[in-house]
Amino acid sequence: MASLRCFLRSGKNAVSAGLRREFHRTPPAAVQVTVRDALNQAMDEELERDERVFLLGEEVAQYDGAYKISRGLWKKYGDKRIIDTPITEMGFAGIAVGAAMAGLRPICEFMTFNFSMQAIDQVINSAAKTYYMSAGLQPIPIVFRGPNGASAGVAAQHSQCFAAWYSHCPGLKVVSPWSAEDSKGLLKSAIRDDNPVVFLENELMYGVPFEMSEEAQSKDFIIPIGKAKLERQGNHVTLVSHSRMVSLCLDAAAVLAKEGIECEVINMRTIRPLDAEAIETSIMKTNHLITVEGGWPQFGVGAEILARIMEGPAFNYLDAPAVRVTGVDIPMPYAKILEDNSIPQIKDIIFSVKKTLNV
Amino acid sequence: CRKASAKVITINVSGGNSKEIFELFTNKLVFSDFYLFYIFWQKCDLHKLEEGPPLQAVLSREEGLQYYRTMQTMRRMELKADQLYKQKIIRGFCHLYDGQEACAVGIEAGINLSDHLITAYRAHGYTLTRGGTVREIMAELTGRRGGIAKGKGGSMHMYTKHFYGGNGIVGAQVPLGAGVALACKYLGKNELCVCLYGDGAANQGQIFETYNMASLWKLPCIFICENNKYGMGTSVERAAASTDYYKRGDFIPGLRVDGMDVLCVREATKLAAEHCRSGKGPILMELQTYRYHGHSMSDPGVSYRTRDEIQEVRSKSDPISMLKDRMLSNNMASVEELKEIDVEVRKEIEDAAQFATTDPEPPLDDLCNHIFYNDPPMEVRGTNPWTKLKSVS
């Protein structure tokens, strides 16, 4: 039921040609994979590939993961490599960083990134800064992953987006996948990366199925960190987004296309390092920029993108001020009508596009 | 084994008779054959431990001289740092270790270099025992390119092989140390991790989180509380509801040890190491020690304690003096010999200080390097949009 709800919320058209069946024809190699399964596959493959990789966090083992992302892994790999921790984020995040210092490659799961605030000192001061402070003597190959941002009806303490907070700090890589392919390829990259990576997932996307190409199904499929992806080509306006909001941008683009407005949608994939070049190239074509994010506006991801565009070569190509579509600047309320109006909706994106284009 | 041919003398510290017996043999002994079979007069306080460290320790002449030399090097290095700080050649934070030498040297004597160690910010002594040279330590303090972290870390961020710093955030090193211990267990190399923290840090929540996990998972971790009686300017009685730090691990067995006696520390560490290596899980050691300097160079150290107290420790419990007296009174070394070591140490420190003050600062090209490991070169934004700096791994 949750899966259907998520499916409808994101609105992505997930029916693919792959569902056709015919005689005497091998089915196309692409399959439907949910974000959850993609993440699971990524971890499974990397655990198998490298003995030093292990997963720790609350409920990751015997519970199969609070959101079932690590389903089946404990049965397959056992206590040594899939470790249930007590509810002590600061402690186990520190332990994970220490294990990385001594040669292992931990995946540290936060049940949600809201709880990572308890451990944020270990992420920033122990993980992010150490390679620099030691002038290259001590690398920290660690992944911090978990769901980030708004969910549904979980209220203020469980709905914050941490993309801006972590992306502020040098020494970290911050990744925010959208699709199943993104999730798999980027998580594999993150695990293979010799540096601390903050991997921001989204609970509402876990159940959403996406088409996964044959290439993406391979055990060696990785997506490089630091490169954005063009999800939709267009001429009139550039929409830059990450995570679940990419779905909304594509939906808004579909609606606007009927009115003759073609949006170019960029899926950031990585927040830090930011692929400014991809955004600039797009602006030089469309002359208009709108960033779309779920997080709060002040000092957010959109704010950074706008500042960089101002400072870079693309500024001269803007025909209108670049703007941001963001979550409302309030703690997340509980009541559905209030919650729905606290985050960007498709209509907000459409409205902003029309204002920017002055139509 | 040398022991079989050595002339072993039993010394009972509280007895007078044995001293007479000893004097009879003195003339016939050659220094190089000398082993001291030393009996401690005081047992360690124990918590959930059946047996403490043995009440006797064997100290060879060679070991004694080595401990003396290392402690003296540490002492002089710290005093030189004090001098350089007052001359403003060292800046920022500088937390000196003089008075606590027996802890660092004793611990290292109880483990191997293949074991692991992590501590907090009063770390110069450990950087030395873990393989750093005085030159590179001092040059790091003065922020030069020859520093152990190329001048980018400073006093609190020095690293060597199997030594994870030098950590500035109070208490954060304790979960890190347990993580290192987890890796030791995971990789199955029979190594352990010594994880140090002070009496001030001992009240940190994350330390209790760590005790829990280390105990649950039986991590080979020796937790060591260096109790120097003051957390910055707050005495232990004013900071802790229970000052029995060796008991604070609750379900973790613990022992309290005289941290001014290098042999005590060594024997206790050996016991702790044996405990960990036999798979029994973590153990907690409290070392009762003392720092002569204030918390850091910006603290004179006399507003919260009396000069008399400092002077008393110096005269009665100085770790270097204690070892020196023990060796001299048992004829394990001559006064001249120890003086010669002093001279050599002084020279080493002078040379290191000379290097540390004349070595150039790091090149500006190095500013943005070492952000990421094993990554292609990247661009880093400078202070303004037109300044693009280069960063290599």
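Student: What should I know before I start?

Tutor: The model is predicted: local features need pLDDT of at least 70, side-chain atom pairs count only at pLDDT 80 or more, and totals for chains, interfaces and linings use all residues. Residues are numbered from 1 along each chain as its sequence is written, chains are lettered from A and ligands numbered from 1 in the order in which they are written, and side-chain values use heavy atoms, without hydrogens and water.

Student: How many disulfides are there over all chains?

Tutor: A disulfide is a pair of cysteine sulfur atoms within 2.5 Å. The search of the whole structure finds zero. Take Cys44(B): the nearest cysteine sulfur, in Cys264(B), is 5.7 Å away.

Student: Is Cys276(B) buried or exposed?

Tutor: Buried means under 20% relative accessible area, exposed over 50%, and partly exposed in between (1.4 Å probe, protein chains only). Cys276(B) has 4%, so this residue is buried.

Student: What is the secondary structure of chain A?

Tutor: Helices (H or I, at least four residues) and strands (E, at least two) are DSSP runs, numbered from the N terminus. Chain A has 14 helices and 14 strands. Its radius of gyration is 20 Å, close to the 21 Å from the globule rule for 359 residues, so chain A is as compact as a globular protein of that length. That radius is taken over C-alpha atoms, and the rule is 2.2 Å times the number of residues to the power 0.38. Buried residues make up 59% of chain A.

Student: Which peptide bond is cis, with omega near 0°?

Tutor: Start with the general idea: most peptide bonds are trans, and most residues other than glycine have a negative phi. Here, the bond from Arg272(A) to Pro273(A) is cis. Pro273(A) sits in the loop between strand E12 (270-272) and helix H11 (276-286) of chain A.

Student: Where does Phe299(A) lie?

Tutor: Phe299(A) is in the loop between strand E13 (289-292) and helix H12 (301-311) of chain A. Its phi is positive, about 60°, although Phe299(A) is not a glycine. Phe299(A) is exposed, at 71% relative accessibility.

Student: What is phi of Asn374(B)?

Tutor: Phi of Asn374(B) is near 65°, a positive value. Asn374(B) lies in the loop between helix H12 (335-358) and strand E12 (378-381) of chain B. At 55% relative accessibility, Asn374(B) counts as exposed.
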